[in-house]
Amino acid sequence: MHVEVCEDPRAVALRVADLVADEVAGRPDAVLGLPTGATPLPVYDELVRRVARGALDCSGVRVFLLDEYVGLDADDPRSYRATIRRDATDPLGIPHERVHGPCGEADDPERAAADYEVAIAVAGGIDLQLAGIGRNGHVAFNEPGTDLALGTHVAVLSPQTRADNARFFPAGSVPLRAITQGPATLLAARRLVLVATGTAKSAALADAVGGPVGARCPASVVQSHPDAVVVADRAAAQLLDPRWCGEAPTPGGPKRLGRVRP
Ligand code: PGA
């Protein structure tokens with residue numbers, strides 16, 4: 001695992017966009033794992049700018065969402081399938097049939113979760129997975145206490161995660177469950193890019209990067225991945241041991257990469 005520290009969220013966005021663009025340049029039909037949430041939005045905006053100026057062509061990529069609420073169908077604007085289309089894949093010119101997400105509206109969510117894991121495998125696996133981190137150390141909807149050996153599964157959302165997401169739902173109606181890629185799904189991606197910005201993520205990021213690998217902090221799975229990159233701004237990285245971190249002094253270009261927990 002490598003950790004890169006960028007000056008601010010804008011520099012993080014440029015750096016992560018570089019990682020995605022490099023992947024797509026090398027493999028125009030790459031399978032990207034994409035998250036929703038606030039953190040990746042500047043990344044998507046930067047990628048859209050590159051597509052608009054002809055520097056990047058995403059029309060051949062395939063996308064697998066990280067997670068989806070149980071009980072929302074794909075056309076519900078609050079569903080993650082609708083959200084990723086709006087925020088990323090439509091403006092990037094990725095055809096709908098190439099964008100996949102767990103079937104939140106399925107009568108049997110456990111079955112839908114298992115089917116999703118199979119669909120990822122049938123696509124050849126995820127080449128590059130982007131992920132954010134929750135304030136409690138969750139990654140996707142893998143909340144503290146999640147068995148790190150789990151693949152895509154049905155997860156019960158923690159009170160903190162439901163509170164964090166409450167702004168998107170009428171009072172009291174935040175879904176209780178989600179279908180989420182599991183820690184083992186994340187580990188199986190060929191490359192994992194964990195992105196964190198802002199002070200609110202600093203304690204969770206320190207746990208994920210420098211604490212023990214285990215269910216207490218599901219994002220700690222990043223330490224076990226053979227090709228993981230953590231990209232954080234200074235605010236999110238403030239509790240990391242500086243010896244673990246590389247610097248990214250110029251937007252879009254790290255000077256060197258740090259290796260954590262040798
Ligand atoms: P955020 O969510 O990007 O909206 O902060 C990240 C997460 O909770 O995984």
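In which helix is Arg162 found? Arg162 belongs to helix α5, which covers residues 159-165, in a model that is predicted.

**The ligand and its surroundings**

- The residues that surround the ligand are Gly37, Ala38, Thr39, Gly132, Ile133, Gly134, His138 and Lys201, and by class this shell is made up of 2 nonpolar, 5 polar and 1 charged residues.
- The space that the ligand takes up is the largest pocket.

**Loop residues**

- Ala140 is located in the loop that runs between strand β6 (128-131) and strand β7 (153-156), and its phi is positive, at about 50 degrees, although Ala140 is not a glycine.
- As background to that angle, most residues other than glycine have a negative phi.
- With a relative accessible area of 9%, Ala140 is classed as buried, because buried means under 20% relative accessible area.
- Leu240 is placed in another loop, the one between β10 (228-233) and β11 (246-248), and with a relative accessible area of 6% Leu240 is buried.
- Although Leu240 and Val5 are 235 residues apart in sequence, their C-alpha atoms are 9.9 Å apart in space.

**Helix residues**

- Ala88 lies in helix α3, which spans residues 80-89, and Ala88 is buried, its relative accessible area being 0%.
- From C-alpha to C-alpha, Ala88 and Pro40 are 9.4 Å apart in space, while in sequence 48 residues separate them.
- Asp115 is part of helix α4, residues 109-122, and at 39% relative accessibility Asp115 counts as partly exposed, because that term applies between the limits of 20% for buried and 50% for exposed.
- The C-alpha atoms of Asp115 and His153 are separated by 10.0 Å, and the two residues are 38 residues apart along the chain.
- Arg162, the residue in helix α5 with which this briefing opened, has a relative accessibility of 24% and therefore counts as partly exposed.
- Between the C-alpha atoms of Arg162 and Ser224 the separation is 28 Å, with the two residues 62 residues apart along the chain.

Definitions and conventions
Residues are numbered from 1 along each chain as its sequence is written. This is a predicted model: local features need pLDDT of at least 70, side-chain atom pairs count only at pLDDT 80 or more; totals for chains, interfaces and linings use all residues. Side-chain values use heavy atoms; hydrogens and water are left out. A residue is near a molecule or strand if one of its heavy atoms lies within 4 Å of it. On a 1 Å grid over the protein atoms alone, a cavity is a set of points where a 1.4 Å probe fits but cannot get out, and a pocket is an open set with protein on both sides within 12 Å along at least five of seven lines; lining residues have an atom within 4 Å of a point. A molecule sits in a cavity or pocket if more than half of its atoms lie within 2 Å of its grid points. Ala, Val, Leu, Ile, Met, Phe, Trp, Tyr, Cys and Pro count as nonpolar, Asp, Glu, Lys and Arg as charged, and the others, Gly among them, as polar. Helices (H or I, at least four residues) and strands (E, at least two) are DSSP runs, numbered from the N terminus. Buried means under 20% relative accessible area, exposed over 50%, partly exposed in between (1.4 Å probe, protein chains only).
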